[in-house]
Amino acid sequence: MISFHLARADNGVIGRDGKLPWHLPADLKRFKAQTIGRPMIMGRKTFESFPSPLPGRRHIVLTRDRDWSADGAEVAHSVEEALALAGNDAAVIGGAEVFALFLDRAERVELTEVHAAPEGDATVPAFVAWRETAREDHPAEGDRPAYSFVTLAKF
């Protein structure tokens, strides 16, 4: 099973300067619960945005740089190589270029819709040709925007 795991603002933004442009503890908790024990496939910039590798998960890093390596990262240079390392069961966690590369292989999207329009430098288009199978809406709290946990499946 190839699944996507991401938070996306209403305007498509998923990141700004290598970070999330919001802080939603419930989203981070959901992300951990959905990815723990699974191999995660990500781009180099996503891996480098973590202060250290996330515990309890393999970090398969897709990069074009043949000389790149980092502690805690398993390096892949193609989609096929990443999937071979993952055993065809992986949580794809970003960034935007990696989501685009795996879009035709993904079977499920675990999306946090962030109901805001922040400025950002990384965007992902809306998921079309997917059907919503679950939704859990949450109101804004203080300076935290409203958000929805959404599960999408391919038609």
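**View 1. The exposed and buried sides of helix 1.** On one side of helix 1, Lys 29 and Ala 33 are exposed, where exposed means over 50% relative accessible area, buried means under 20% and partly exposed lies in between, with a 1.4 Å probe and protein chains only. Helix 1 spans residues 25-35, and in it Asp 27, Arg 30, Phe 31 and Thr 35 are buried; these four cover an arc of only 115 degrees around the axis, which puts them on the same side of helix 1, the arc being that of the directions from the helix axis to the C-beta atoms. An α-helix has 3.6 residues a turn, so residues three or four places apart point the same way. Helices (H or I, at least four residues) and strands (E, at least two) are DSSP runs, numbered from the N terminus. The model is predicted, with local features needing pLDDT of at least 70 and side-chain atom pairs counting only at pLDDT 80 or more, while totals for chains, interfaces and linings use all residues. Residues are numbered from 1 along each chain as its sequence is written, and side-chain values use heavy atoms, with hydrogens and water left out.

**View 2. What covers helix 1, and the residue just after it.** The cover over the buried residues of helix 1 includes strand 1 (2-9), strand 3 (39-43), strand 6 (90-94), strand 7 (108-114) and strand 10 (147-154). Just after helix 1, Gly 37 takes a positive phi of about 80 degrees.

**View 3. Thr 112 and its contacts.** Thr 112 has its place in strand 7 and, at 0% relative accessibility, counts as buried. When neighbours within four places in sequence are left aside, Thr 112 is in contact with Leu 6, Ala 7, Arg 8, Asp 27, Arg 30, Tyr 147, Ser 148 and Phe 149, contact meaning heavy atoms within 4.5 Å.

**View 4. Aromatic pairs.** The structure holds five aromatic pairs, in which rings of Phe, Tyr and Trp (its six-membered ring) have centres within 6.5 Å, and planes under 30 degrees apart count as stacked, over 60 as edge-to-face and the rest as tilted. The rings of Phe 47 and Trp 68 have centres 5.7 Å apart and planes at 85 degrees, so this pair is edge-to-face. Because Phe 47 lies in helix 2 (residues 44-49) and Trp 68 in the loop between strand 4 (58-62) and strand 5 (73-76), the pair ties together parts that are 21 residues apart in sequence. Phe 47 counts as buried at 8% relative accessibility, and Trp 68 counts as buried at 12%. The rings of Phe 127 and Trp 130, with centres 6.2 Å apart and planes at 80 degrees, also form an edge-to-face pair. Ring pairs link Phe 4, Phe 99, Phe 127 and Trp 130 into a cluster.
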